[in-house]
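Hi,

Here is the structure I promised to pass on.

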Amino acid sequence: MTHKESEPVLSVRDLRIGIGKQNAILHGVSFDILPGETYGLVGESGSGKSITGLSVMGLLKRPLQVTGGSILFRGQELLTLNSRARRRLRGDRMAMVFQEPMTALNPLATVGRQIAEMFVIHRGLRWSQARTKAVEALENVRVPSPEERARSYPHQLSGGMRQRVMIAMALACRPDLLIADEPTTALDVTVQAGVLELIAELSQAEGTAVLLVSHDLGVIANMCRRVGVMDQGRLVEEQDTRALFERPLHPYTRGLLAARPRLGSRTLAQRGRLTELDEVVSSDERGRDQPTLVTPRVFSGATP
Amino acid sequence: MSGPLLEVRDLHVHFPISRSFPFAPKRTLKAVQGVSLTLNQGECLSIVGESGCGKSTTALTIMGLQEPTSGEILFKGKPLTGPNAPARKDRARIAQMVFQDPYASLNPRQTIGRMLSSQLALHGIASGSDANHRVAEMLTRVGLTPDHANRFPHEFSGGQRQRIGIARALMLDPKILVLDEPVSALDVSIQAQVINLLMDLQETLKLSYIMISHDLSVVEHVSDRVAVMYFGRVVEEGHWHSIFSRPTHPYTRRLIGSVPDPDAVLTGARPVPDAEHLPSDAIFFPDLSHPADPHVEDAPSHLVPIGPDHRVRLAK
């Protein structure tokens, strides 16, 4: 790693995405991720959190396109790179874990081959060497009997195991940035805990920066040091996780925190109603830029 | 009526597994192994557990969409399965189901009004303007407007589609609703609205719910009683408060301990509450340190009462 430790791995500035030039979907999003940091993006479906992740990877599909702003990866502007150069970064320096491992993995190739491919393409290893490395990679994500599992096809593995394979593949080349888009939404809670712990441990051991996209506040709170809240294509609030839960500033964040059912909150006496989001935040307060409430690190210059 | 509304007695559901070669021994997957449940009038019974534990199979059997291998299901003391079972048309007026993904369960080429009124015509309850009137009434009841009847499923948001799913289930005025993960496909911001709607409807229409869910915070909020399933068996069941304040079976404790809790950031990790005190020779079943094989018959076990309305499965 050549970059200084304090410099952000990823720095997104005023990123705009639209369908053509007319219909804007993302209205200027800015955030930084430092090495070894896990940054959370939370919001409901359609808030733009997933397309933010995809645009960093360069995987936006037509008709979606970046219409403005900049994405700096280790100081290098990604938006002006040609597709060849971006493809070389993808899987090597930056990698992604998707929500549904069954659709993201190739059903016709063994998982060992799919992981080995990373080493062949990005490291120029021979297939035989790459296979040994693939088994090691499976061992790192704590897949039991990795040699046997490397010969399995995706459909022969359980959901939790498939997600571990995805993580092994993503981390195979020790990327500087891992983008995890709802990595545990399709998994059971007991399996989810293991997968999240794994991502946290590996990112700490390797100093990998993680962009964690999720709608689950519990997952975000457990994993992230800093959180950005997205609503209707805007980053409406960004704070350290603790501060966000203690003092949510934007009305939307307050609504989101109030609307979730909380374990241990029900009293024996009665079954109360849950607070609904629109009882806390009115629709004209939603998706509005409120610069005074947003406290991005980039503008305040503070480091965590 | 003093007895339970619905009673599931020693339900077993087995599935044959294709043999690996022609003369290999026959194998069966025991998805549900001796589940007994009771649902009282006006109650919400939640079945929790991870995927593959048999909770959805249990629900499908209650709905009559899956034949039980053995065991029986009684509605107000009368069998719902076996030779004396009511016809499917009559069953439809006893229990209805709300599915997890409302979009997948709605016909994309049918307007909402047509879908809702066709049930009324099929059962000979109402037709023509009377049916339209009932549809309008039901749409209002679930928080939509009567003119939504002319629209197609794709014109609605996720939360609205789930409201339609609920309206569809309620058209025939059933006594029991089986809710299969009713909010897990919805955004956090929408979940609260649908949960509130379900709780309101339960009260006004005097409904009884069987809710299948893996989201323990929702379960705690809505349920009266909770049954925890693991590998085809109920391992712990009881009043919601006993289950959540004194989870006793190691699996229940693990389940509650795995819920990512945002409040833990502020207050530190919340410990799993104390277990009910058990005699020292009691052995929990199944033993979590040795994963169970669903293909083989295993040691006998039974549910032991450990408190008022609180039972846990121990090895015999």
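A quick word on the ground rules. This is a predicted model, so local features need pLDDT of at least 70 and side-chain atom pairs count only at pLDDT 80 or more, while totals for chains, interfaces and linings use all residues. Residues are numbered from 1 along each chain as its sequence is written, chains are lettered from A and ligands numbered from 1 in the order in which they are written, and side-chain values use heavy atoms, with hydrogens and water left out.

**Where the chains meet**

On the chain B side, 38 residues are in contact with 37 residues of chain A (contact means heavy atoms within 4.5 Å). Together the two chains bury about 3,500 Å², 56% of it on carbon and sulfur atoms; buried area here is the accessible area (1.4 Å probe) that two parts lose on being put together, summed over both. What about salt bridges across the interface of chain B and chain A: how many does the rule find? It finds 0, where a salt bridge is a side-chain nitrogen of Lys or Arg within 4 Å of a carboxyl oxygen of Asp or Glu. The rule does find 12 residue pairs in polar contact across that interface, both residues at pLDDT 80 or more. A polar contact is a pair of N or O atoms within 3.5 Å; within protein, one must be able to donate a hydrogen and the other to accept it, and residues adjacent in sequence count only if both atoms are side-chain atoms.

From chain B, α6, α7 (216-222), α8 (240-245), α9 (250-257) and α10 (264-267) each supply at least two residues of the side that touches chain A. Helices (H or I, at least four residues) and strands (E, at least two) are DSSP runs, numbered from the N terminus. The largest share, 9 residues, comes from α6(B). By type, the chain B side divides into 17 nonpolar, 12 polar and 9 charged residues; Ala, Val, Leu, Ile, Met, Phe, Trp, Tyr, Cys and Pro count as nonpolar, Asp, Glu, Lys and Arg as charged, and the others, Gly among them, as polar.

**Helix α6 of chain B**

Because 13 of its 18 residues are buried, α6(B) is largely enclosed by the rest of the structure. Buried means under 20% relative accessible area, exposed over 50%, partly exposed in between (1.4 Å probe, protein chains only). B:Lys206 is exposed, at 59% relative accessibility.

**Salt bridges within the chains**

Over all chains the count comes to 20 salt bridges. One of them joins A:Asp176 to A:Arg93, with the closest N and O atoms 3.3 Å apart. These two sit 83 residues apart, A:Asp176 in the loop between α7 (159-171) and β7 (177-181) of chain A and A:Arg93 in the loop between α2 (83-89) and β6 (94-97) of chain A. A:Asp176 is buried at 2%, and A:Arg93 is buried too, at 17%. Both belong to a network of salt bridges that links A:Arg74, A:Asp92, A:Arg93, A:Arg123 and A:Asp176.

In chain B, B:Arg9 forms a salt bridge with B:Glu72, the closest N and O atoms being 3.4 Å apart. B:Arg9 lies in strand β1 (residues 6-17) and B:Glu72 in strand β4 (residues 70-75), so the pair ties together parts that are 63 residues apart in sequence. B:Arg9 is partly exposed at 37%, as is B:Glu72 at 32%.

A cis peptide bond joins A:Arg62 and A:Pro63, with omega about 5°. Another cis bond runs from B:Phe285 to B:Pro286, where omega is near -10°. Finally, A:Asp14 has a positive phi, near 45°, and its place is in strand β1 (residues 10-19) of chain A.

Cheers
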